[in-house]
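Please look over this model before you read the notes below.

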Amino acid sequence: MTPHKRYTVRYRDADSTPLERCYYASDAYEARVLAMESVRHIHDHPHAIDLIRCESYPLHQRAA
């Protein structure tokens, strides 16, 4: 199983306001899919995504 990392998905809503959401996923594609499942506007307009950025190291590599 691939370790999960934190990804920020930046997108623009219907008014072109930039918004961000964070997801824990194994890669950027999975973060995109999670965003499409949880945000109706992204589901309807997948090209509204401006950026998907990895924010963290895998969870199993973090110090306790």
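1. **Where the residues come from.** This is a predicted model. Residue numbers start from 1 along the chain as its sequence is written.

2. **The sheet.** Begin with the strands. 3 of them form an open sheet, in the order S2-S1-S3, with antiparallel pairing. S2 and strand S3 (49–54) are the edge strands, and each pairs on one side only. From one strand to the next, the twist averages 20°.

3. **The S1 to S2 pairing.** How many bridges join S1 to S2? There are 8, and the two strands run antiparallel. One place to look is Tyr7, whose bridge partner in S2 is Tyr23. Both Tyr7 and Tyr23 also belong to the largest nonpolar core.

4. **The helix on the sheet.** H1 packs on the sheet and touches S1, S2 and S3. The direction of H1 makes about 120° with that of S2.

5. **The core.** The largest nonpolar core has 11 residues. Its members are Tyr7, Val9, Tyr11, Tyr23, Ala25, Ala31, Ala35, Met36, Val39, Ile42 and Ile49. Which elements each supply at least two residues of this core? They are strand S1 (5–12), strand S2 (18–25) and helix H1 (28–38).

6. **Ile49 as a way in.** Pick out Ile49, a member of that core. Setting aside neighbours within four places in sequence, Ile49 is in contact with Val9, Arg10, Tyr11, Arg32 and Ile42.

7. The structure holds 4 salt bridges. In one, the side chains of Arg12 and Asp50 meet at 3.3 Å, N to O. This pair links distant parts of the chain: Arg12 lies in strand S1, Asp50 in strand S3, and they are 38 residues apart. Are these two side chains' residues buried, exposed or in between? Arg12 counts as partly exposed, at 36% relative accessibility. Asp50 is partly exposed too, with a relative accessible area of 40%.

8. **A pair within one helix.** Arg40 and Asp44 also meet through their side chains in a salt bridge, at 3.3 Å, N to O. Why are they separated by about one helical turn? Because they are 4 residues apart in helix H2 (residues 40–44). Arg40 counts as exposed, at 61% relative accessibility. Asp44 is partly exposed, with a relative accessible area of 41%.

9. Glu55 forms a salt bridge with Arg53, and their closest N and O atoms are 2.5 Å apart. Salt bridges with shared partners join Glu20, Arg53 and Glu55 into one network. Glu55 is partly exposed, with a relative accessible area of 31%. Arg53 is partly exposed as well, at 33%.

10. **Cysteines.** How many disulfides does a search of the whole structure find? The count is 0. Cys22 is partly exposed, with a relative accessible area of 47%. Cys54 is partly exposed, with a relative accessible area of 39%.

Key: This is a predicted model: local features need pLDDT of at least 70, side-chain atom pairs count only at pLDDT 80 or more; totals for chains, interfaces and linings use all residues. Side-chain values use heavy atoms; hydrogens and water are left out. A disulfide is a pair of cysteine sulfur atoms within 2.5 Å. Buried means under 20% relative accessible area, exposed over 50%, partly exposed in between (1.4 Å probe, protein chains only). A nonpolar core is a set of buried Ala, Val, Leu, Ile, Met, Phe, Trp, Tyr and Cys residues joined through side-chain atoms within 4.5 Å. Contact means heavy atoms within 4.5 Å. Two strands pair if DSSP finds at least two bridges between them. Axes are lines fitted to C-alpha atoms, for helices over the stretch in contact, and angles run from 0 to 180 degrees between N-to-C directions.
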